[in-house]
Amino acid sequence: MIYSEKVMDHFTNPRNVGEIADADGVGEVGNAKCGDIMKMYIKVDGDVISDVKFKTFGCGAAIATSSMATELIKGKTIDEALKLTNRAVVEALEGLPPAKLHCSVLAEQAMKSAISDYYKKQGIDPTPIVGDIGDCEECHGCN
Amino acid sequence: MDKKFIYCDNAATTKVSKSVLEAALPYFTEEYGNASSIYMLGQNAAKALLKARETVAEALSAKQHEIFFTSGGSESDNWAIKGMALNGAKSGKKHIITSVFEHHAVLHTCEFLEKQGYEVTYLPVDENGLINPDDVKNAIRKDTCLVTIMFANNEIGTIQPIKEIGAICRENKVPFHTDAVQAIGNVEINVKEMNIDMLSLSGHKIHAFKGIGALYIRGGLSLPNLIHGGAQEKSKRAGTENLPAIVGLAQAVTDATRNIKEKQEIISKRRDRLIDGILKIQETRLNGDREKRLCGNVNISIRGVEGESLLLMLDMFGILASSGSACTSGSLDPSHVLLAIGLPHETAHGSLRLSISEETTDEDIDYILETIPKVVDRLRSMSPLWERICKNEGITGTI
Ligand SMILES: Cc1ncc(COP(=O)(O)O)c(C=O)c1O
C-alpha cells in the first residue's frame with residue numbers, strides 16, 4: 001500500500017490539530033473497535049466556519065483526511081462546507097488506497113456531525129439541513 | 001546527522017547475509033548446471049545439492065533423505081497439511097487439529113480443507129499465547145489425520161511446548177507437523193527428540209533468499225506430492241532445483257544454528273531492555289509470555305494509539321517495525337493472534353512488533369527507547385480515544 005505525497009504531508013504535518021475550548025459545535029464519529037475515531041470542533045461566525053480543529057485516533061489516512069477536511073472547510077460558509085464530499089477530500093489528497101476510502105467518509109461525517117451539533121445548540125433541528133449522517137455505515141468490519 | 005535506519009522487522013524478513021550471498025554466487029554463473037544432467041557440470045550441481053541437504057538435515061538432527069527443498073514456508077505448510085489430508089481420506093480420517101493463532105499459510109489451508117469436507121479443530125491459546133498440550137490430547141480422535149502446531153508464533157514470538165505435543169501425537173499414532181519458520185536459528189531443534197514428523201522452514205527469515213525453504217519429512221512417513229512433474233527431490237517435489245538459493249539456505253541454516261545459546265543470550269538482553277523501556281510508558285502491555293518467547297521478539301500494545309500511524313511515524317525516525325493493527329493487515333480486523341490471546345479490538349489496533357536481530361546494537365536500542373515515547377506522546381496528544389481513556393480512568397499526561 002502506498003500513500004501519495006499529499007497524504008504523507010498531511011500525516012506528517014497535520015493542519016488544525018487540537019481542540020476549541022468554546023466550540024460552537026463538536027462532532028465525533030467512528031469507534032475504537034474499528035480502529036478510527038475522529039472528533040471535530042468548529043467555531044461559527046455568522047454563517048462562516050471561522051475556526052476548526054480536530055483530534056483523530058486512527059491510521060495515516062484517517063489523520064490525513066481529517067487534516068485535509070479541516071483545511072477545506074476553514075473560512076467557508078456552512079452551506080459550502082455541507083457540499084464537501086468525501087470524494088473532494090480524496091481528490092485534494094491526490095488519492096487514497098481503496099482500503100482507506102472509508103477514512104474519507106469518516107472525515108465527511110465528522111464535519112457534518114460538528115455542524116449538526118452547532119444547529120442543535122442553536123435549538124434548530126439539523127436533520128433537514130445536514131441530512132442523515134449515517135455514522136459508521138460504510139464500515140462492514142465491526143459486528 | 002545521517003538519517004537513522006534501524007531495521008526491526010526481522011520476523012517479516014531479513015537481510016541476506018554476506019556469507020549466504022558468497023556461498024550462492026558461484027551457482028549463478030559458474031556452477032549453473034542442472035543437477036539431473038550427466039556431465040560434470042550437472043554432477044557438480046548434484047554434489048552441492050546433496051551437501052546442502054546434509055547440512056540442513058544435520059542442523060535438525062535429521063537424515064539427509066528426510067529433507068525436501070521447497071519454495072518456502074508457505075509451500076512446506078501446504079504440502080504437509082494437504083498431503084496428510086489426502087492420506088487420511090483414504091482411510092476415512094478427515095479430522096485435523098491446529099490452533100487459532102497459526103500463520104495464514106496453515107490457517108487458510110485448513111479453511112480450504114474444511115470446504116472440501118474435512119473437520120478442523122482450532123485449539124485455543126491462553127492469555128500468554130501458549131498452547132496447552134492437554135488440549136491436543138483431548139482433541140485427538142480416531143479419525144484425526146494430522147496435528148499441526150507452530151513452533152514459535154510470528155507475531156508474539158511465543159515458543160510452544162513442541163516436545164510434549166509431539167510425544168502425545170506419537171503415543172496416539174497421529175502425524176505431527178510443526179511450522180518452525182520463526183523458530184529455526186532461535187531455538188535448538190531436534191526432530192527426533194521432539195517427536196516431530198514434519199517441519200517447515202523458510203530461508204528468508206534467517207538471512208537466506210526469499211522463495212526458498214524446506215520440509216522435513218520423517219523417513220517412513222508417506223506424504224503424497226503437492227507439486228507433480230519431474231523426478232527432482234526423489235520424485236516428491238518437481239521442479240529444477242533452485243541451487244543458488246538452496247546452497248544459500250544451507251549456509252544460512254549453518255550460521256543460524258551455530259552458537260544458538262550465545263546468540264540467545266546477547267539478543268535477549270537487548271530485547272529485555274527494549275521491553276522494560278517501552279513498558280515504562282503508561283497504559284502499555286507486553287503481548288505473549290515473557291519467558292517462553294523468541295529472543296528477538298517484542299510485541300507491545302499501546303493504548304490510545306493506532307498501529308499504522310505509529311509505524312509511519314517511527315519510519316520517519318528511521319525505525320522499521322510492524323503492527324497487528326487492522327490497517328496494516330489489509331483487512332478490517334486486527335491481528336487474529338492478538339484477538340486469540342484475548343485482547344479487545346481497540347488494544348489490538350495499537351500493537352507494535354519489533355523483531356531485532358544480532359545486528360541490532362545497544363545504541364540502536366537506546367535510540368528506539370528515546371524515540372518511541374516521543375512518537376506515542378505526539379499521537380496520544382491528538383487521540384480522542386486517549387482523551388476518553390484518561391477521562392474515564394483518571395489518567396493524566398500522555399506518556
Ligand atoms: C510462522 C510462519 N509460517 C510461514 C511463513 C511463510 O513463509 P514464506 O514467506 O517463506 O512462504 C511465515 C512468514 O511469512 C511465518 O512467519
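## A look around chain B

At 19% relative accessibility, B:Thr398 counts as buried, because the cut-off for that label is anything under 20%. Keep in mind as you read that this is a predicted model. You'll find B:Thr398 in the segment that follows helix H16 (384-393) of chain B. Its side chain and that of B:Asp377 are joined by a polar contact of 2.4 Å. B:Asp377 also turns up among the residues that B:Thr398 touches once those up to four places away in sequence are set aside, and the others are B:Gln282, B:Arg380, B:Ser381 and B:Trp386.

### Two buried loop residues

Next up is B:Asn225, which sits in the loop between strand E8 (213-217) and helix H8 (232-235) of chain B. With 16% relative accessibility, B:Asn225 counts as buried too. What does its side chain reach at 3.0 Å? That would be the backbone oxygen of B:Ser235. A polar atom of the B:Asn225 side chain also lies 3.2 Å from the backbone oxygen of B:Lys236. Both of those partners, B:Ser235 and B:Lys236, are on the contact list of B:Asn225, along with B:Trp79 and B:Arg237, if you leave aside neighbours within four places in sequence.

Now for B:Met194, in the loop that runs between strand E6 (176-179) and strand E7 (198-202) of chain B. Is B:Met194 buried or exposed? It's buried, with a relative accessible area of 15%. Skipping its neighbours within four places in sequence, B:Met194 is in contact with B:Phe151, B:Ile162, B:Lys163, B:Gly166, B:Glu188 and B:Ile189. If you compare B:Met194 with B:Pro224, the two are 30 residues apart in sequence, and their C-alpha atoms are 23 Å apart in space.

### An enclosed strand

Let's move to strand E12 (residues 351-355) of chain B. Here 5 of the 5 residues are buried, so the strand is largely enclosed by the rest of the structure. B:Ser351, B:Arg353 and B:Ser355 point one way from E12(B), while B:Leu352 and B:Leu354 point the other way, and all are buried. Which way does E12(B) pair with strand E10 (residues 297-302) of chain B, parallel or antiparallel? The two pair in the antiparallel sense, over 5 bridges. Across that pairing, B:Asn297 stands opposite B:Ser355 in E12(B).

### Around the ligand

Last stop: the ligand. There are 13 residues around the ligand, and those that come nearest are B:Ser74, B:Asp179, B:Gln182, B:Ser202 and B:Lys205. By type, the shell divides into 2 nonpolar, 8 polar and 3 charged residues. Helix H4 (residues 73-90) of chain B supplies the largest share of that shell, with 3 residues.

| Side chain | Distance to a ligand oxygen atom |
|---|---|
| B:Ser202 | 2.6 Å |
| B:Ser74 | 2.7 Å |
| B:His103 | 3.3 Å |

Notes: Residues are numbered from 1 along each chain as its sequence is written. Chains are lettered from A and ligands numbered from 1 in the order in which they are written. This is a predicted model: local features need pLDDT of at least 70, side-chain atom pairs count only at pLDDT 80 or more; totals for chains, interfaces and linings use all residues. Side-chain values use heavy atoms; hydrogens and water are left out. A residue is near a molecule or strand if one of its heavy atoms lies within 4 Å of it. A polar contact is a pair of N or O atoms within 3.5 Å; within protein, one must be able to donate a hydrogen and the other to accept it, and residues adjacent in sequence count only if both atoms are side-chain atoms. Helices (H or I, at least four residues) and strands (E, at least two) are DSSP runs, numbered from the N terminus. Ala, Val, Leu, Ile, Met, Phe, Trp, Tyr, Cys and Pro count as nonpolar, Asp, Glu, Lys and Arg as charged, and the others, Gly among them, as polar. Buried means under 20% relative accessible area, exposed over 50%, partly exposed in between (1.4 Å probe, protein chains only). Contact means heavy atoms within 4.5 Å. Two strands pair if DSSP finds at least two bridges between them.
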